[in-house]
Amino acid sequence: MNGVLASPPPAPAAAPGTSATDAGQLAGKAAVITGAARGIGRACALAYARAGAELLLTDIGHDLAGVPYPLGNTDQLAHTARLCQELSPTATVVTAEADVRDLDAVREVVDRALDRLGRIDILLNNAGIAAPSGKTVQDITPAEWELMLDVDVSGAWRMIRAAGSAMAAQRAGSIINVSSTAGLVGYRHFAGYVTAKHALIGLTKSAALDFAPFGVRVNALCPGSVRDDGAAEGRMLSEIARSLEVPVAEHEETFVAAQPMNRLIEPEDVAGAALWLGSDGSRQVTGSTVTVDGGFTSR
Amino acid sequence: MDDTGRLCQALAVRLHTEAGTGPMERALARVADGVRLWVQDVPGGADADIAPALRERELSRPADPRTGPGLRVVLLRYADGAADLVVVAHRAVLADPCDLARWLLGEAVEPAVRAGEAAAGREARLRSALRDLDRRPAPEWGLGEAGAATVGHRGFTVPARGRAADPVALRAALGLVLARCTGTSEVEVGVDAEQRVAFSAAPGRTVAEYLAEVGRAVPAPGSAPAVGLTVLPPAEVLGGDGVKAEPLDVRPFLAPVHPLSLRVADDGSTALRGECSYRHSAFGDAAAEWLTGMLATAYRALTTAAPDALVGGLPLFEEEQRQALARLGGLGRTPEVPDERIEEAVARRAAGTPDAPALVCEGETLTYRQLDRRADRFAEGLRRLGAVPGDRVGVCLERSTDLVVVLLAVLKAGAAYVPMDPAYPAERLAYTAEDAAVPLVVTESESFPQPEGVRLVRPAALEEAARDGSGGPHPVPSSAGPRALSPDDAAYVIYTSGSTGRPKGVVVPHRNVAALLAATEGDFGLGGDEVWTLFHSSAFDFSVWEIWGCLTTGGKLVVVPYWAAREPDRFAALLADEQVTVLSQTPSAFAQLSQADRESRVGDSVRLVVLGGEPLDTRPLRSWLDRHPERECRLVNMFGITETTVHVTAQTVTRGAALAGSRSVGRPLPGWHVYVLDPEGRELPPGVPGEIHVGGAGVADRYLNRPELTAQRFLPDPHAPGPMYRSGDRGRLLPDGRLEHLGRLDNQVKLRGFRIELDEIRARLLDAPAVTAAAVVLRPGADGDPAGARLDAYVVLRPDGAAGDRGGDGEEVRQHTARFLPAHMVPATVTALPALPLTPNGKVDTARLPLPLTGALDAAAEPDEQVGDAVESRLRTAWEQVFGFRVGLDDDFFALGGNSLLGVRLLAALKAAGLPGFPLPQLYLHRTVRRLAPVLAAEGVPA
């Protein structure tokens, strides 16, 4: 073989738990984040980038019939990637569009991540829809019911199915399923969403047991009501308000009042927990449900 | 460990297009044919700081054929139009990433890409080769940290004087380095995960012969080596079709394939660039640094040496590195040593604190003034009896006030003392007196032999001679006048028994003792408030430290009477009564004291314990440290040799060191230095075991009357004036300058063709949680039959350990060793003893270890005595059942470790054997089988 030598390889990543700050906490780790175009997904992507992770960011990239609000689009996904790259110029950040309802598309995303990044250390299943909602349970149509479960539960299962064997082969990894306080308590007029988010916790617990022998951890993250943040372009709260046919301000106020800490959750609050669950700092945490709800479900 | 990275290769090239971007686009279009191209647009030009970091990221990212294509092609497109192409390929998929790069750039090369099952099969084989490689234990000389998961990197250069890299010479140079580090001339160098080359680097061949053999050696399957080497040929510009590709980086592996993997490449400059990557689990940073330095030196030596030069003579260290090694071994730290003889130093103390107690022995106390005056009188007596400066005077006395006074008197008379232990056999005493040519022996012993021309005198006779001027056949020489006394005169001659042959007298001058105190006084805080013990025989040089260490620093010396030195509880009581502060012990004796301390705590007065005379296993010290924490009592392990004046190195033993089972004996004392050399006397780098050589202020003058032996053992010091002593001890330097002592070179025994380190077995025995002390001997078969030879181990078990009968515990210990040692090193028997027998010097007395019971039952054991009758025989069998080892007819029940509990067991064993019992107190009266048998017979033994 012909060739020359250049600079020596960089020093190995710091040992787990040695970094006191976010910087470098995920150095050398590769993460796949679904629903990364905006909102919680974008906040998590930025936190991961700041912590030194390599990223594959995915989102659906188009709207979906049956979901009464616009979904993460191509530009928003590219914008998230650009923001990540700026935070971490030497990180590899790639994007891919995929509908988590499509098994082949999901497999393609995982292949792409493994191919480009060489490995998957963190799978953050964040993609989900909040609507169609706003109906009492007997009024939900079969299509609405199936759509909700297909995206919010089965989507996470498809991602785990596609990435699981590679992660198990690595004998290390962290899968984070973004559930909701709706995975722990019921909400009126949100039966589909609540059912899906509860199911996601069940999926988390079973997957945690299946993967434990392989060193892969699976945890659920349950945010409370997250503020629609301008920079993150989130719109969950307004969509819920719209489903309930109440003004957004009134809805926010209701939630703030219901939250023991008397403030809404910011996307960065969720990202902080997602960072911890993805890092080696949580290396003995699996099958657990981490709430970021200001105490809402503790009442 | 990332196995995938170990099996991947990577290549980065800078692309230059001749006209526009068209050709590049065309070239890259080929990628679509089968290989995915990842394009990353980089903000900033190719010279931006970020470019090398991005390239590095791509070059170090493995491609796993189990989760993807096992191949990755990335184009980093810079804002200024330049671009880098990075290819990463798994070996199972692609043999040479350069081929792929050529093909991408339009050359007519078809890269042989394996895919699917072909790749999967090869991947599995490669991975299994890696597993084989990883199963090999890490080389001890690598100084790795077991369990460490990190990888180290070190860049280095190899002088090439503008010539192209010579792969054969590089491999040959590495062979010389490995031969030096492993201590064997048969070397193996890893080529890749599956192949190695083997050749001989025997020192006797010429450079030409050696290079020819290395050149002929062909890679063969096998993955044993710890070190792998890849030599990359000079870079070559690829390209065609309007695109040129200039290689930036080629990596034959992304993570070290071998525990330590080297790659050397030629970039056209005057030096070759090397990169060493190593797993910290097998190699420390210092080991990698020394190894790469030696490789560069060896390469230069090989490529510039005359073809008929012998490879054994080629340097592996530059002068600068040799100096660094010497400094690491302690050279260059020389404290100021007073120009003073021992008795002058004592006299100085006597003048300074005349009324301070100097010597205490069984109730009798001498102040410094009294000691000095009495020694003066004794010295006068010696002179009147004919002793003249430069003479040697034999001293054969038990530890007593007189002993110390006589020794000081001998020095005052300008003579050197030749200490002899009254417990030594008459033959040895006679030999010593004769060899040392002593005109006088001061002794109380009635049984001291009467060699011709040697006059025996009692200490009292010295006093009488001084008083009345009587006694001497020799008149006091007056005409010549007293010879000027000097610190360079011999102070003592101590006889040490070598492993073979006659004991030899080591001649040690006064100056060495002064240097020893100068080196330790400050660190140990020795002064007038200290109370020392004289525990050891004056014939053992540990006593030199005890006596003169105390009396030249103004301390009080407590002479430990014979009985107290033999019984740990009484010794412990003495320590408390006398408020001893500085205690010197052999590890074996200290283990017994520590045991006594566990039962009844030794007082708190001891603040310094100096352990010496024997290799120390630090692990059993933990229980002492539990009761006497470091801040109250400092434990110092000192490695020493009679020929280097008692001590060489000092290591404070902390709890951490005891937990880790550290074998470090510490750094050399200021003024002393050590070298670790191979059998040819060549330097060895830190981590590599060899023979310890000691230079500096402590090296003795010579062996008395043994010029040849002196010439063999006292060699010129390569870095300092004066001789260095070749110790016969095995050790290695650690990168921080501490020395690890690894036992005697002659503790290596051969059993059925295997070379075995007895110390290694001993260390494993001590690993067993229940074991507090251990010894191993090689016992020849009956009539010296080598086939019957076996290893017998002896252990002292922790009393609070899981009780049970002794035999069972011994077997557990044996099984413990079997988990770590190869079968030929597992002791055939493990016998539990209440204590290990010690020599008068406090070292383990292997000659007095009993025959193991298991061994006695087979034909190999010799019938050591006639068994008188059936009762004796049956009684002896019962004793052996109780003790678990073979006993003699005249062995004392209590001396064997018997106690009342075992007495009860003996009664049970007798009952089980159908023998009558006896009242237990009878055992105290009739303590041997021979004497107890008639008692049983009287009870009426059925015939």
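How many residues of chain B are in contact with chain A, and how many of chain A with chain B?

## Contact between the chains

In this predicted model, 38 residues of chain B are in contact with 21 residues of chain A. Contact here requires that the C-beta atoms of two residues, placed from the backbone, lie within 7 Å. Residues are numbered from 1 along each chain as its sequence is written, and chains are lettered from A and ligands numbered from 1 in the order in which they are written. Because the model is predicted, local features need pLDDT of at least 70 and side-chain atom pairs count only at pLDDT 80 or more, while totals for chains, interfaces and linings use all residues.

On the side of chain B that touches chain A, at least two residues come from each of α3 (50-59), β5 (151-159), β11 (243-251) and β13 (271-279) of chain B. Helices (H or I, at least four residues) and strands (E, at least two) are DSSP runs, numbered from the N terminus. The most is given by α3(B), with six residues. By class, this side of chain B holds 19 nonpolar, six polar and 13 charged residues. Ala, Val, Leu, Ile, Met, Phe, Trp, Tyr, Cys and Pro count as nonpolar, Asp, Glu, Lys and Arg as charged, and the others, Gly among them, as polar.

## Domains of chain B

An automatic or database domain assignment gives chain B domain 1 (3-127), domain 2 (138-234 + 258-316), domain 3 (752-857) and domain 4 (870-939). Taken over C-alpha atoms, the centres of domain 1 and domain 2 of chain B are separated by 30 Å.

## A pair of helices

Helix α18 (residues 568-578) and helix α19 (residues 587-599) of chain B pack at an angle of about 75°, their axes 9 Å apart. This makes α18(B) roughly perpendicular to α19(B), a term for angles of 65 to 115 degrees. Axes are lines fitted to C-alpha atoms, for helices over the stretch in contact, and angles run from 0 to 180 degrees between N-to-C directions.

From α18(B), Pro568(B), Asp569(B), Phe571(B) and Ala572(B) meet residues of α19(B), including Leu593(B) and Ala596(B). The residues of this contact divide into five nonpolar, two polar and two charged.

## A three-stranded sheet

In chain B, three strands form an open, mixed sheet in the order β37-β38-β39. β37 (771-779) and β39 (829-832) of chain B stand at the edges with a single partner strand each, so one side of each has no neighbour in the sheet. The twist averages 20° from one strand to the next.

β37(B) pairs with β38 (residues 790-797) of chain B in the antiparallel sense over eight bridges; pairing requires at least two DSSP bridges. Arg779(B) stands opposite Arg790(B) in β38(B). Helix α23 (residues 758-767) of chain B packs on the sheet and touches β37 and β38 of chain B.

Notes:
Angles under 35 degrees count as roughly parallel, over 145 as roughly antiparallel, 65 to 115 as roughly perpendicular and the rest as oblique.
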